[in-house]
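Work through the exercises below with the coordinates open. Each task is followed by a stepwise solution.

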Amino acid sequence: MFYEPYPRSFADSNNDGVGDLKGITSRLDYLQDLGVDAIWITPCFPSPQVDFGYDVSDYENIDPMYGTLADFDNLVSGAKKRKIRVILDFVVNHSSDQHKWFMDSKSSRSSEKRDWYIWRDGKGPGKPPNNWVSTFGGPAWTFDPNTNQHYYHFFYAQQPDLNWRNPAVKGAMFDVSRWWYKRGVAGFRLDAVDTLFEDPGLHDNPIVGSGKNAYGDPIEENKYNTKLPEVHDALRGLRKVADESGAVLIGETWTKDVAELKQYYGEHSNELQMPMDLMLTKLRFSAPVFREHIAGIDGAGGWPVYVISNHDIVRSYDRYGDGQHNDQIAKVMAALYLTVRGTPIMYYGEEIGMKTTPPTRKQDVKDPIGQRGWPKEKGRDGERTPMQWDGSANAGFSKATPWLPVPPAYKTHNVVAESQPPDSVLEFYKQVLRLRHINRALLDGSYMALNESDQTCFRICAATKVKWCWWR
Ligand code: TEU
């Protein structure tokens, strides 16, 4: 079972209100006891933190806010002692605009790094090269008056897209992954892989309908700037490097259907070992709906990777919960995704039934997309609130005021309070995970749905012989 501790919000060791690597290290016993086999840490590299670390200004270091490389090494060795592997987040599509590569690229048209990013002439004075809008609002192009060209960014302007068509960029990114593998990293979660390539002809994207999104932009189909076939070449390249170290690649793969998800494993199983099934997060709580979906994923030929929550979406507790039986529903969901054939990836706090608590006033919003899209888009603060460790001030996350407020529900839903009652969400998670680790059928058994006409979801596992891989 893979666990995602969002480092800002997991545990704060130096009491500055922001979580850090030493904080994660201090909670390794908890993670081991819970039944965690690997942790995926969202970006902890040096960053101006415009997108809370997804704007990396140095791929081969640790942001002082989170600690040092030595702290990272301690975390890896502490985890290893507990048979927990460490996975990092690789922001492959873009860097920060403060990365030295981009600063160099921006400095002049003749810069050696000019072609490391996507620079184009506008269609005319004040006009961007085409109609593409950023998924975080506004145009996907920003004009640089110094060199009189626009640069492309699928996300914020502070996150310029790297040019993956440039072999030097590819090589540099492959080297970054090697550098971390040598340091003991067991693999990467690859961020936003769909957005790696853009149509070189820069065709305008089709506009869908006449409405506007939360940012006031026209709604576009990302036909020419996402999911280009070249993405798979890049993944094959990254996989080759991963194979040198026996590492695993997880993909942030937002797919429309099973057929699309299947492609990410690679035709010869030579791309991602673990493309995430994020479609699961969009289903309503219904046994027949889940059954149909899981049958599709299980039958796709690859090793399924189930995700029900992460740092970008409303927590599963609220999404599947009916407002009355949320704890019970959280347990049903745990039983489901922790026992189906595949690897589950759990977001921190799911095991105690944490809920999403969005800000109620615009001035409290920290996530820029929430500031930009308020009130329609409140941003992602609500699912990033501090981990609720106990019933003391700040839920035991920090002695200082946390960077995001601790929701009132921490009084009932916290690790200490849920460690005693045998029917708590936490105890349920622990019991299921214990079973998962001792029962061969739950580890590598095959999947068969039972009672298909019934509204309840039963299944059976029969042990089969499969090649052992540590991430399974
Ligand atoms: O998310 C990519 C992504 O698809 C987002 O657009 C997602 O749909 C959005 O956050 C929902 O509001 C990844 C990271 O998970 C996210 O935290 C980063 O902000 C983003 O990449 C940019 O690096």
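**Exercise 1. Check the length of helix α9 against its end-to-end distance.**

This is a predicted model. Step one: α9 covers residues 287-298, which is 12 residues. Step two: the expected span is 1.5 Å times one less than the number of residues. That gives 16 Å for α9. Step three: the end C-alpha atoms are 16 Å apart, so expectation and model agree.

**Exercise 2. Find which residues of α9 are buried and which elements they pack against.**

Step one: apply the cut-off, under 20% relative accessible area. The buried residues of α9 are Ala287, Phe290, Arg291, His293, Ile294, Ile297 and Asp298. Step two: look for their partners. Three are helices: α8 (258-263), α10 (316-320) and α11 (326-339). The strands β12 (305-307) and β14 (445-450) also pack against these buried residues.

**Exercise 3. Work out the strand order of the sheet that holds β4, and find its edges.**

Step one: the order is β4-β6-β5, an open sheet of 3 strands with antiparallel pairing. Step two: β4 (119-120) and β5 (141-144) each have a single partner strand, so one side of each lacks a neighbour in the sheet. Step three: inspect one pair. β4 and β6 (residues 149-152) are joined by 2 bridges. Across this pair, Arg120 faces His150 of β6.

Now take the loop between β5 and β6, where Asn148 is found. Its phi is near 60°, a positive value in a residue other than glycine. Asn148 is partly exposed, because its relative accessibility is 48%.

**Exercise 4. Which residues are closest to the ligand, and how much of its area does the protein cover?**

Step one: 15 residues surround the ligand. The closest are Asp51, Asp191, His311, Asp312 and Arg380. Step two: list polar distances to ligand oxygen atoms.

- Asp51, from a polar side-chain atom: 2.5 Å.
- Asp191, from a side-chain N or O atom: 2.9 Å.
- His311, from a side-chain N or O atom: 2.9 Å.

Step three: on its own, the ligand has 490 Å² of accessible area, and the protein covers 84% of that.

**Exercise 5. Is Ser47 buried or exposed, and what does its side chain reach?**

Step one: locate Ser47 in the loop between β2 (38-41) and α4 (69-81). Step two: its relative accessibility is 11%, so Ser47 is buried. Step three: the Ser47 side chain reaches the backbone oxygen of Asp55 at 2.7 Å. Step four: set aside neighbours within four places in sequence. Ser47 then contacts Gly53, Asp55, Val56, Ser57 and Asp63.

**Exercise 6. Where is the cis peptide bond between Trp374 and Pro375?**

Step one: omega is near 0° for the bond from Trp374 to Pro375, which is cis. Step two: Pro375 sits in the loop between α12 (368-373) and α13 (425-438).

Definitions and conventions
Residues numbered from 1 in each chain as written. Predicted model: local features only at pLDDT ≥ 70, side-chain atom pairs only at ≥ 80, totals over all residues. Heavy atoms only, no water. Helix = DSSP H or I, 4+ residues; strand = E, 2+ residues; numbered from the N terminus. Buried < 20%, exposed > 50% of the residue type's maximum accessible area, 1.4 Å probe, protein only. Contact = heavy atoms within 4.5 Å. Pairing = 2+ DSSP bridges. Near = heavy atom within 4 Å. Polar contact = N/O pair within 3.5 Å; in protein donor to acceptor, adjacent residues only side chain to side chain. Areas by Shrake-Rupley, 256 points an atom, 1.4 Å probe, with all protein chains shown as cover.
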